[in-house]
Amino acid sequence: MEEVNTFEPRTDLSAVHTAIAAVKAEMAKVIIGQQQMIDLLVAGLLANGHILIEGVPGVAKTLAAKLLASTIDAKFSRIQFTPDLMPADVLGTSIFNPQSKEFEYKKGPIFGNIILIDEINRAPAKTQAALFEVMEERQITNDGVPHFLNQPFMVIATQNPIEQEGTYRLPEAQLDRFLFKIEVKYPQVQEEVEILKAANLQKSAHVLDKVESVLTATQVQDLQTQVRQVLLDEKLLQYIATLVNETRHNPSIYLGASPRASIAVMNCAKAIAVMNGRDFVTPDDVVYVLPHILRHRIMLTPEREMEGITPDDIIGEILKAVAVPR
């Protein structure tokens, strides 16, 4: 993803570059490899979106989320989803105060800045549905009264794609609220050797002790504002709309992506552009983010699934079929 810049950006991006480099450096103190996951986590933070991380146990999904939170001086909450988890355990509930003789709203763990939801697919449908409002509107409505969350607000959820016992499929409406779905693969052999070396030399059991906060909540909001101001040519808007529209007419796709996906591609492409030192978006930025944004938003036809075709395969075909703007 790294690019060599041969131009001077029209916008001063030095503060953004310093912040991104600092966050990545802190995370690299603990995580070896998985560079794409780290890049997408940072891009999701800059684009002010939520992230779903999918991978088998032991590939640092939870650790990566905790590390990103550790680099930001903001409130962090972790919620372990289980089959008996109730919506009130996440959102909070009204409790009667005998002294004031009134019900008072006791806020749940969702009220934070960076929220880690571990094994999100282990909670039942009603608990999943409790996240709809908070993820999209950044607020909770309790007894008819809205309670707004502090900014920035980011949900990082993890799930295991292999284990099916005691799990529940996430509703499509909830999946659509995740900016990215990051699929974490096994490390390469040499990367695993480095992981073993680091574990062998580990003196402290608390690896997070190595990581320091390098950003405040206010600084994160400032970075997000700068990313929104990145230039995007009208031809690229047409390119994004055409790509997403193709998912609605492709014979291999049963359910295509919504306009929310188009907005996600636009915002994420801006974040990737900034991470590459540019104040404008290129087609390469769109191509880079597209699979991570669409793979959880489209449903293939049963016939294609039985053939072993994946959403990424179809997204690749769409990218080849749509002309790149010049």
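Which backbone nitrogen does the side chain of T158 reach? The side chain of T158 comes to 3.1 Å from the backbone nitrogen of E119. The structure is a predicted model, in which local features need pLDDT of at least 70 and side-chain atom pairs count only at pLDDT 80 or more, while totals for chains, interfaces and linings use all residues. Residues are numbered from 1 along each chain as its sequence is written, and side-chain values use heavy atoms, with hydrogens and water left out.

**Overall architecture**

- The protein chain has 14 helices and 13 strands; helices (H or I, at least four residues) and strands (E, at least two) are DSSP runs, numbered from the N terminus.
- The radius of gyration of the protein chain is 21 Å, close to the 20 Å that the globule rule gives for 326 residues, so the chain is as compact as a globular protein of that length. This radius is taken over C-alpha atoms, and the globule rule is 2.2 Å times the number of residues to the power 0.38.
- Along the principal axes, the C-alpha atoms of the protein chain fill a box of roughly 70 × 50 × 40 Å.
- Buried residues make up 47% of the 326 residues of the protein chain. Buried means under 20% relative accessible area, exposed over 50%, and partly exposed in between (1.4 Å probe, protein chains only).
- Of the contacts in the protein chain between residues at least 6 apart in sequence, 77% join residues at least 24 apart; a contact means heavy atoms within 4.5 Å.

- Strand β6 covers residues 114-118, and five of its five residues are buried.
- I114, L116 and D118 point one way from β6, whereas I115 and I117 point the other way. In a regular strand the side chains alternate between the two faces of the sheet.
- Strand β3 (residues 76-80) runs parallel to β6 and is joined to it by five bridges; two strands pair if DSSP finds at least two bridges between them. Within this pairing, S77 has I115 as its bridge partner in β6.
- β6 also runs parallel to β9, with four bridges between them. The bridge partner of I114 in β9 is M154.

**T158, T62 and their surroundings**

- T158 is located in strand β9 (residues 154-159). With a relative accessible area of 1%, T158 is buried.
- Apart from neighbours within four places in sequence, T158 is in contact with I53, K61, T62, L116, I117, D118, E119 and I120.
- T158 and I114 are 44 residues apart in sequence, and their C-alpha atoms are 14 Å apart in space.
- T62 belongs to helix α3 (residues 61-70). Residues up to four places away in sequence not being counted, T62 touches R78, L116, D118 and T158.
- The side chains of T62 and D118 make a polar contact at 2.9 Å. A polar contact is a pair of N or O atoms within 3.5 Å; within protein, one must be able to donate a hydrogen and the other to accept it, and residues adjacent in sequence count only if both atoms are side-chain atoms.

**The β4–β5 hairpin**

- Strands β4 (residues 92-97) and β5 (residues 102-107) pair in the antiparallel sense over six bridges. The partner of T93 in β5 is K106.
- The two strands form a hairpin with four residues between them, and K101 in the turn has a positive phi of about 60 degrees.

**Aromatic pairs and charges over rings**

- The whole structure contains two aromatic pairs. The rings of F96 and F103 have centres 5.3 Å apart and planes at 65 degrees, so this pair is edge-to-face. Rings of Phe, Tyr and Trp (its six-membered ring) pair if their centres lie within 6.5 Å; planes under 30 degrees apart count as stacked, over 60 as edge-to-face and the rest as tilted.
- F96 is partly exposed, at a relative accessible area of 43%, and F103 is exposed, at 59%. The rings of Y105 and F111 have centres 6.1 Å apart and planes at 70 degrees, so that pair is edge-to-face.
- Y105 is buried, with a relative accessible area of 19%, and F111 is buried at 8% relative accessibility.
- R177 lies over the face of F132, at 5.0 Å from the ring centre. A charge sits over a ring if NZ of Lys or CZ of Arg is within 6 Å of the ring centre and within 35 degrees of the ring normal.
- The charged end of R278 sits over the ring of F280, 5.7 Å from its centre.
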